[in-house]
Amino acid sequence: MRRPQRLAELAAHLGVSAASASDTVAALVAKGLALREADPADGRARLLRATPRGQEVAARIPAAPAALTAAIAALPGSERAQMLAGLQRLIRSLQEAGAIPVQRMCATCRFFRPHAHDDAARPHHCDFVDAAFGQAGLRLECGDHGMAPADRTVANWQRLDAALGVSSYEVVHL
Ligand code: SF4
């Protein structure tokens with residue numbers, strides 16, 4: 001978690017109740033791994049942030065087993081891109097069916113502007129870091145993600161689908 005988040009946002013991402021998330025956060029705060037701070041956007045709300053020690057601990061947790069990372073890196077670029085597109089569609093179908101919590105993917109992020117640039121290598125834009133990026137840079141899990149409104153998420157998926165030449169209606173609805 002790089003961007004400070006409210007408890008409700010964190011709980012939704014983890015797919016747990018606010019009470020469970022609150023207990024976990026209290027334990028992390030007690031261990032000096034997280035802290036609560038005032039939300040500049042709302043004086044009554046609190047944001048959660050990892051402390052430097054919490055960030056150190058998080059950085060030691062591997063994102064994926066080394067063997068898996070190496071196997072994926074060995075795939076040709078075109079196959080990696082296909083796999084990424086397939087994974088996005090799979091996750092999208094599962095979350096639209098309510099089988100999993102909404103994942104912190106670019107397509108559901110308020111900072112994401114798909115195909116904002118007339119540049120085939122880097123068509124997308126991330127407003128959080130104010131930078132263009134390519135198809136392979138689409139994130140499935142991003143610590144800076146901010147949940148977009150539902151209509152923006154639909155528009156993002158439609159734009160991505162259109163660029164891939166598929167219909168949004170071809171997404172499997174479970
Ligand atoms: S890289 Fe992260 S912050 Fe940027 S658009 Fe994607 S999910 Fe959002």
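Mentor: Read along the sequence, the pattern is α-α-β-β-α-α-α-β-β-β-α, which amounts to six helices and five strands. Keep in mind that this is a predicted model. The C-alpha atoms of the chain occupy a box of roughly 50 × 40 × 35 Å along the principal axes. Within the chain, residues 7-59 are assigned to domain 1 and residues 76-170 to domain 2. The centres of domain 1 and domain 2, taken over C-alpha atoms, are 26 Å apart.

Now the interface itself. The size of an interface is often given as the accessible area lost when the parts come together. For domain 1 and domain 2 that buried area is about 360 Å², with 49% of it on carbon and sulfur atoms. On the side of domain 1 that touches domain 2, two residues are nonpolar, two are polar and one is charged. In terms of contacts, five residues of domain 1 meet eight residues of domain 2. One residue pair is in polar contact across the interface of domain 1 and domain 2, both residues at pLDDT 80 or more. Zero salt bridges are found across that interface.

For context, there is also a ligand. The shell around the ligand includes Cys106, Cys109, Cys126 and Cys142. Phe111, Phe112 and Phe128 also surround the ligand, as do Arg139 and Asp144. By class, the shell around the ligand divides into seven nonpolar residues, two charged and no polar ones.

Definitions and conventions: Residues numbered from 1 in each chain as written. Predicted model: local features only at pLDDT ≥ 70, side-chain atom pairs only at ≥ 80, totals over all residues. Heavy atoms only, no water. Domains from an automatic or database assignment. Contact = heavy atoms within 4.5 Å. Buried area = accessible area lost by both parts, 1.4 Å probe. Salt bridge = Lys/Arg side-chain N within 4 Å of Asp/Glu carboxyl O. Polar contact = N/O pair within 3.5 Å; in protein donor to acceptor, adjacent residues only side chain to side chain. Nonpolar A, V, L, I, M, F, W, Y, C, P; charged D, E, K, R; others polar. Near = heavy atom within 4 Å. Helix = DSSP H or I, 4+ residues; strand = E, 2+ residues; numbered from the N terminus.
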